[in-house]
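Hi,

Here is the structure I promised to pass on. Have a look at it first, and then read my notes below.

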Amino acid sequence: MSEISGKKIIETIKQKGKTIEAEMSFFDHLEVLRWHLIRSAIAIAIFMGLAFAFYDFIFDTVIMGPKKPDFWTYRMMCIIGEKFNLGPDFCVTEIPINIINTDMAGQFTLQLNSSLLIGLVLGFPYLLYEIWLFVKPALTDIERKSANGFVFYATLLFILGILFGYFMIAPLSVNFLAHYSVSPEIDNQITVDSYLSSVATLTLGTGIVFELPIIIYILSKIGIMTPQFMRATRRYAIVVILVIAAIVTPTPDILTMLTVSFPLFLLYELSIVIAGRVERAKLKAEKAFYNNEQ
């Protein structure tokens with residue numbers, strides 16, 4: 001009887017030791033994640049400080065750029081409109097809005113918020129790098145090889161999305177909303193917070209949308225997304241993309257809509273190709289596994 005009790009005590013101690021070891025491992029992972037996030041926050045804070053220090057250039061040239069008629073996008077539209085005889089409406093010569101501040105601390109919070117947004121954009125690649133360093137030890141050698149270049153490609157797509165959003169989506173949207181009027185009795189007096197929020201949302205949102213191939217790759221790896229499903233829903237994706245393009249373009253001209261929608265179409269088709277490659281790699285691995293078993 002005493003031997004049985006002793007064995008139970010020893011077994012209980014072993015189980016308790018395993019539980020403590022698992023808990024320590026969990027908290028160790030939390031500690032590692034915490035330091036990755038701290039380093040990312042420090043990098044973003046550094047970029048935020050630089051943006052705050054050079055805020056005159058950032059505000060006049062970057063933030064207020066889509067409001068100015070001499071913005072690069074508007075100048076290119078005028079050149080293209082004149083070359084292809086697209087009519088006077090295609091050339092943007094005026095943005096009829098007046099930006100105002102209605103809060104006592106509005107301009108100070110504007111500088112802080114916009115500096116933080118710039119810091120997030122510039123620090124995003126380093127954030128991806130820290131995420132990769134945290135996830136990498138948990139991957140197998142095969143998974144590491146298949147995920148090589150994650151930081152590079154995710155950063156490249158994000159930068160392309162930011163540029164497309166800032167030079168295409170944001171100015172076209174600002175121009176459309178500035179000229180949209182339900183009555184001549186209403187003047188467009190736009191608060192600076194509303195303007196910054198619109199430009200930042202469109203720019204950052206496009207940067208995130210351009211991460212679609214990376215997201216599809218991850219979802220395909222874990223078996224949630226398949227190329228068959230994406231091909232079956234292609235018609236709905238086309239409709240959604242065309243609706244978005246129609247909303248942000250200043251005129252119903254088909255050329256402008258295609259200019260906005262083409263990169264989104266391309267991203268969707270690229271995502272289908274990526275999902276197909278992942279599926280073929282899975283089938284090949286499964287076939288090799290069963291052949292080895294036999």
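A word on terms before the notes: I call a residue buried when its relative accessible area is under 20%, exposed when it is over 50%, and partly exposed in between. Also, keep in mind that this is a predicted model.

Let's start with helix 4, which covers residues 106-135. Its 30 residues reach 40 Å from the first C-alpha to the last, close to the 44 Å expected at 1.5 Å a residue. The helix does bend, by about 50° at Gly-123, and Pro-125 follows within four residues. Gly-123 is also one of the buried residues of helix 4, and the others include Gly-119, Phe-124, Leu-128, Glu-130 and Trp-132.

Next, the cysteines. There is 1 disulfide in the structure. It joins Cys-78 to Cys-91, with the sulfur atoms 1.9 Å apart, and at 85° about the S-S bond the link is right-handed. The two cysteines sit 13 residues apart, Cys-78 in helix 3 (residues 72-83) and Cys-91 in the loop between helix 3 and strand 1. Cys-78 has 19% relative accessibility, so it counts as buried, whereas Cys-91 counts as partly exposed because its value is 26%.

Last, the surface. Ile-42, Ile-46, Leu-50 and Phe-54 make a nonpolar patch of about 420 Å². Of these, Ile-42 lies in helix 1 (residues 2-53) and counts as partly exposed, since its relative accessibility is 48%.

Cheers

Conventions
Residues numbered from 1 in each chain as written. Predicted model: local features only at pLDDT ≥ 70, side-chain atom pairs only at ≥ 80, totals over all residues. Heavy atoms only, no water. Expected span 1.5 Å × (residues − 1). Bend = angle between axes of the 7 residues up to and from the residue. Buried < 20%, exposed > 50% of the residue type's maximum accessible area, 1.4 Å probe, protein only. Patch = residues over 30% accessible without salt bridge, like charges linked within 9 Å, V, L, I, M, F, W, Y side chains within 5 Å. Areas by Shrake-Rupley, 256 points an atom, 1.4 Å probe, with all protein chains shown as cover. Salt bridge = Lys/Arg side-chain N within 4 Å of Asp/Glu carboxyl O. Disulfide = S-S within 2.5 Å.
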